[in-house]
Amino acid sequence: MRFASLGRTLLFILAGAIPLWFLPWQISVDFGREVTFLLLIFGALIAWLLSGLLTGRFRLVRSSAVYGGALLVLAASVSTLVSGRPFASAFLNDPSAEKWSTLLAGFLLMIVAANLFSSRKDIMRVLVVFLLASGVEAVITFFSLAFHLSLFRIIVPGVADDFNVIGTANGAALLYAASLIMALGFIFAPAFCRLHTWIRWAMYAAIVFFAANLLIIHFRSAWIVLFVTSLVFSGFMFWMS
């Protein structure tokens, strides 16, 4: 159980690091984030495997999402192998989302998270960590875009006024659109009322800053994501009722 707890802790750290983390060194922001996230994912994977080996109980969740993800990784593997530069396609492509290694890491993250987070309480906790961290990033982005005041300069004095760890402003808008939908759905969940008061107020503030950044950036794709996801979520809630 110790290794299972270690794996969950690493995933909690990953959830908080995705919206905020970067290495304040003279290297690419994307590269520093990618290396950090890969270390956390593979650390959680090893902890999960060790937990199964030591306890003699190996739990593996099977679902259509897992099979679909496996087929996607297989197709990407074949595409990478037959490409003109297999090694570059697997590990060196820019942006990071186009690398085979990134797709594999995402698939492994799905597997590990599905098997380590076995209770609703764990899922709620990791969601709270991610949304609050995204809210902090939304506050930083808002001051950067609205007042040209980058709070990241406290850590790295030479960064630009519009610097954000996600990369581009449009990329940040997509993150805030997804976070806004998750946060709005979360505050209507029965479990939300049982959270500490400061967490609830922080969530309300995060929603305000998510929306404010979407209005400032005004990226069409982010609005499409927000609209389509809202329709799907509304339909799901209507079906559940």
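Which residues form one aromatic cluster? Phe142, Phe143, Phe147 and Phe209 do, and they get their own close-up below. This is a predicted model, where local features need pLDDT of at least 70, side-chain atom pairs count only at pLDDT 80 or more, and totals for chains, interfaces and linings use all residues. Residues are numbered from 1 along each chain as its sequence is written, and side-chain values use heavy atoms, with hydrogens and water left out.

Figure 1. The chain has nine helices and zero strands; helices (H or I, at least four residues) and strands (E, at least two) are DSSP runs, numbered from the N terminus. Of its 241 residues, 39% are buried. Here buried means under 20% relative accessible area, exposed over 50%, and partly exposed in between (1.4 Å probe, protein chains only). Take the contacts between residues at least 6 apart in sequence: 70% of them join residues at least 24 apart. A contact means heavy atoms within 4.5 Å. The accessible surface comes to about 14,200 Å², and carbon and sulfur atoms hold 72% of that. Accessible areas come from the Shrake-Rupley method with a 1.4 Å probe; for residues, only the protein chains shown count as cover.

Figure 2. Zoom in on Leu214 and you'll find it touching Ala173, Tyr176, Ala177, Leu180, Ala222, Trp223 and Leu226, leaving aside residues up to four places away in sequence.

**Figure 3. Helix H1 and its cover.** At 1.5 Å a residue, the 16 residues of H1 should span 22 Å, and the end C-alpha atoms are 22 Å apart, which agrees. The expected span is 1.5 Å times one less than the number of residues in the helix. Buried residues in H1 include Ala4, Gly7, Leu10 and Leu14. What covers the buried residues of H1 includes H2, H5 and H6.

Figure 4. Look for Ala47 in helix H2; with a relative accessible area of 3%, Ala47 is buried. Ala47 touches Phe3, Ala4, Leu6 and Gly7, not counting residues up to four places away in sequence. Ala47 and Leu10 are 37 residues apart in sequence, yet 9.3 Å apart in space, C-alpha to C-alpha. Thr36 is also found in H2, and it is buried at a relative accessible area of 17%. Thr36 touches Trp21 and Leu23, again not counting residues up to four places away in sequence.

**Figure 5. One face of helix H5.** This helix has 17 residues and reaches 24 Å from its first C-alpha to its last, close to the 24 Å expected at 1.5 Å a residue. Its buried residues are Ser101, Ala105, Phe107, Leu108, Ile111, Val112, Asn115 and Leu116. Seen down the axis of H5, they fall within an arc of 165 degrees, so they line one face of the helix. The arc is that of the directions from the helix axis to the C-beta atoms.

**Figure 6. Aromatic pairs.** Rings of Phe, Tyr and Trp (its six-membered ring) pair if their centres lie within 6.5 Å; planes under 30 degrees apart count as stacked, over 60 as edge-to-face and the rest as tilted. By this rule the count comes to nine aromatic pairs. Phe142 and Phe143 make an edge-to-face one, 5.9 Å centre to centre with 85 degrees between the planes. Phe142 is buried at 18% relative accessibility, while Phe143 is partly exposed at 29%. Trp201 and Tyr204 have ring centres 5.7 Å apart and planes at 80 degrees, so this pair is edge-to-face. Being three residues apart in helix H8, Trp201 and Tyr204 are separated by about one helical turn.

**Figure 7. His218, in a loop.** His218 lies in the loop between H8 and H9 and, at 57% relative accessibility, counts as exposed. Phi of His218 is near 55 degrees, a positive value in a residue other than glycine. Most residues other than glycine have a negative phi.
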